[in-house]
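User: Could you walk me through this model before I set up any calculations on it? I'd like the overall picture and then a few residues.

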Amino acid sequence: MSKLIVSEFVTLDGVMEAPGGEPTHPHAGWVMDFMGADQQQYKLEEVLEAESLLLGRVTYEGFSAAWPEREGEFADKMNSMPKYVVSSALSEPLEWSNATLIRGDVAGGVAKLKQNDGGPILVAGSQTLVHSLIEDDLVDEYRLMVFPVLIGGGQRLFPDSPDKRSMKLADTKQFDSGVVLHTYHPAR
């Protein structure tokens, strides 16, 4: 069974919106002040470990506009690996290589993906999709790269919910920049 990993950049106040400079937030690009070589190496190792990407439409559109033009080991892996895109607005064929559309029963489609014997399925960005995955209890691991910055508001990683969800800390790693990676597993 494949493990579904949600890997996100988040601010200290829990915001995941516009880490790379997207025009949706007044403090877009907040990761840039804190990104070091050791973090970049970690992200490379993470993507090399992954067998596929699971993305929501907005993140897919951003990635598919950026990655095909890039070169190097990270870009090669991003461009060549299978991608599964959850969207009700997009239609096939998708433009970015190895991309397949998931429509309709998202929980069922993702559960079916997880049934495959393979490497990890990596989710990045994709806030709406991540909220759905959390609500449907499909996430096996959370990798939260917490940046030491407060930006006051924006889209949050975790949805508002009356439910209590306990987590078990699996690992912590501090980078030279002051960013801390927390890895959690749901305490099922």
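Analyst: What follows goes from the overall fold to the nonpolar cores, the helices and some single residues.

User: Before that, what am I looking at, and how are residues counted?

Analyst: This is a predicted model, in which local features need pLDDT of at least 70 and side-chain atom pairs count only at pLDDT 80 or more, while totals for chains, interfaces and linings use all residues. Residues are numbered from 1 along each chain as its sequence is written, and side-chain values use heavy atoms, with hydrogens and water left out.

User: Okay, how many helices and strands?

Analyst: The protein has five helices and eight strands, where helices (H or I, at least four residues) and strands (E, at least two) are DSSP runs numbered from the N terminus. Their order from the N terminus is β-α-β-α-α-β-β-α-β-α-β-β-β. The radius of gyration is 16 Å, close to the 16 Å that the globule rule gives for 188 residues, so the protein is as compact as a globular protein of that length; the radius is taken over C-alpha atoms, and the rule is 2.2 Å times the number of residues to the power 0.38.

User: And what are the spans along the principal axes?

Analyst: The C-alpha trace spans about 40 × 40 × 30 Å along them. As for contacts (heavy atoms within 4.5 Å), among those between residues at least 6 apart in sequence, 69% join residues at least 24 apart.

User: How much is buried, and what's the surface like?

Analyst: Buried residues make up 47% of the 188, with buried meaning under 20% relative accessible area, exposed over 50%, and partly exposed in between (1.4 Å probe, protein chains only). The protein exposes about 9,800 Å², of which carbon and sulfur atoms supply 50%; the areas come from the Shrake-Rupley method with a 1.4 Å probe, and for residues only the protein chains shown count as cover.

User: Which residues touch the most other members of the largest nonpolar core?

Analyst: In that core of 23 residues, they are L4, L54, V123 and L133; a nonpolar core here is a set of buried Ala, Val, Leu, Ile, Met, Phe, Trp, Tyr and Cys residues joined through side-chain atoms within 4.5 Å. At least two residues of this core come from each of β1 (4-11), β3 (83-86), α4 (106-114), β5 (121-123), α5 (127-135) and β6 (141-147), and α5 gives the most, with four residues. A second, separate core has 18 residues, including L44, Y60, L90 and A99.

User: What does L4 touch?

Analyst: Leaving aside neighbours within four places in sequence, L4 is in contact with L54, V110, K114, I121, V123, L133, L138, V139, D140 and E141.

User: Back to α5: which of its residues are buried, and what covers them?

Analyst: Q127, L129, V130, H131, L133 and I134 are buried in α5, and what covers the buried residues includes β1, β2 (52-56), β3, α4, β5 and β6. Just after this helix, D137 takes a positive phi of about 55 degrees.

User: Switching topic, is E46 buried or exposed?

Analyst: E46, in helix α1 (residues 37-49), counts as buried at 4% relative accessibility.

User: Last one, where is S87 and what does it touch?

Analyst: S87 lies in the loop between β3 and β4 and is buried, with a relative accessible area of 7%. Setting aside residues up to four places away in sequence, S87 touches R57, L101, I102 and R103.
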